[in-house]
Amino acid sequence: MASLTPISQSQSLFNKPQFFLPPPKSSLSSDFLPKSSVSFPKMSSTRIPMKAGVVSATTAEMPPKKRYPGEGKGFVEEMRFVAMKLHTRDQAKEGEKEVKEPQEKPVAKWDPTVEGYLRFLVDSKLVYDTLEGIVDKAPFPSYAEFRDTGLERSEKLAKDLEWFKEQGHTIPEPSAPGVTYAEYLKELSEKDPQAFLCHFYNIYFAHSAGGRMIGKKVAEMILNKKDLEFYKWDGELSQLLQNVREKLNKVADSWTREEKNHCLEETEKSFKHSGEILRLILS
């Protein structure tokens, strides 16, 4: 019993020994033998290792964070990786798509016509007009980052179409592929910025790479190697592209992982619409 007595009370207990053995029914029994004083040592000896065990088990069971291809270099690299997978092996060494459409064959096997090429240029201009108009109005503030990047193609295409007109060619009206794609871009731009910027990236960056190669080959076949304005940029193209990469990465930094994945999932639709316009060259 002495071990349970507070030190401050020890002197009074020696002077009044009758308090050492209180009557069984006395209310003092609960004061001198509180439940916490008896059970606390037992609880304290088991609680700490139990808690430590729970923490270590939780840590061990946490799955490693998933890394997406290209994620370490920025979101644009993720977009590039997904886009490359949708190319054929002839188009890109990372390509996995099987050749199914005429425009997916090597350009050397194409049989283009001037009329078809004009339809392609007209529909392409409609798409670029739409993209550049959306960016200029910026229904989402992030779009304003992509004004005056130097990648704009609308004015260049206008000059090319004027040249064809001077050569005696009739400039056609935009056809279904271009009209459909332009309307889709307008719709996306007003409600789905992640999907819209996926198309923005793929349209401009694809034209700066594969698009230039196609333009050169087609010009050799049907335009006596005419170098169109569509394939010229004011300034160093590599630097213009890098500037836009940095802007896209900056905008994507504020997106959740789910929003980034949604953007990547839109890549296939971008390829589908662009492929339908490209096919016009062979019409």
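## Close-up views of a helical protein and its pockets

View 1. α5 and α6 (154-166) each give at least two residues to the lining of the second largest pocket. Helices here are DSSP runs (H or I, at least four residues), numbered from the N terminus. A pocket, on a 1 Å grid over the protein atoms alone, is an open set of points where a 1.4 Å probe fits, with protein on both sides within 12 Å along at least five of seven lines; lining residues have an atom within 4 Å of a point. Please keep in mind that this is a predicted model, in which local features need pLDDT of at least 70, side-chain atom pairs count only at pLDDT 80 or more, and totals for chains, interfaces and linings use all residues. Residues are numbered from 1 along each chain as its sequence is written, and side-chain values use heavy atoms, leaving out hydrogens and water.

**View 2. Here is the centre of the second largest pocket.** Of its 18 lining residues, Glu132, Asp148, Glu152, Arg153 and Glu155 lie nearest the centre. The lining has 11 charged residues (Asp, Glu, Lys and Arg), 4 nonpolar (Ala, Val, Leu, Ile, Met, Phe, Trp, Tyr, Cys and Pro) and 3 polar (the others, Gly among them).

**View 3. Now meet the largest pocket.** His87, Ala206, Phe271, Ser274 and Leu278 lie nearest its centre, among 50 lining residues. α8 gives the most to this lining, with 12 residues. By type, the lining of the largest pocket holds 23 nonpolar, 13 polar and 14 charged residues.

**View 4. Finally, the helices themselves.** The protein has 11 helices and 0 strands.
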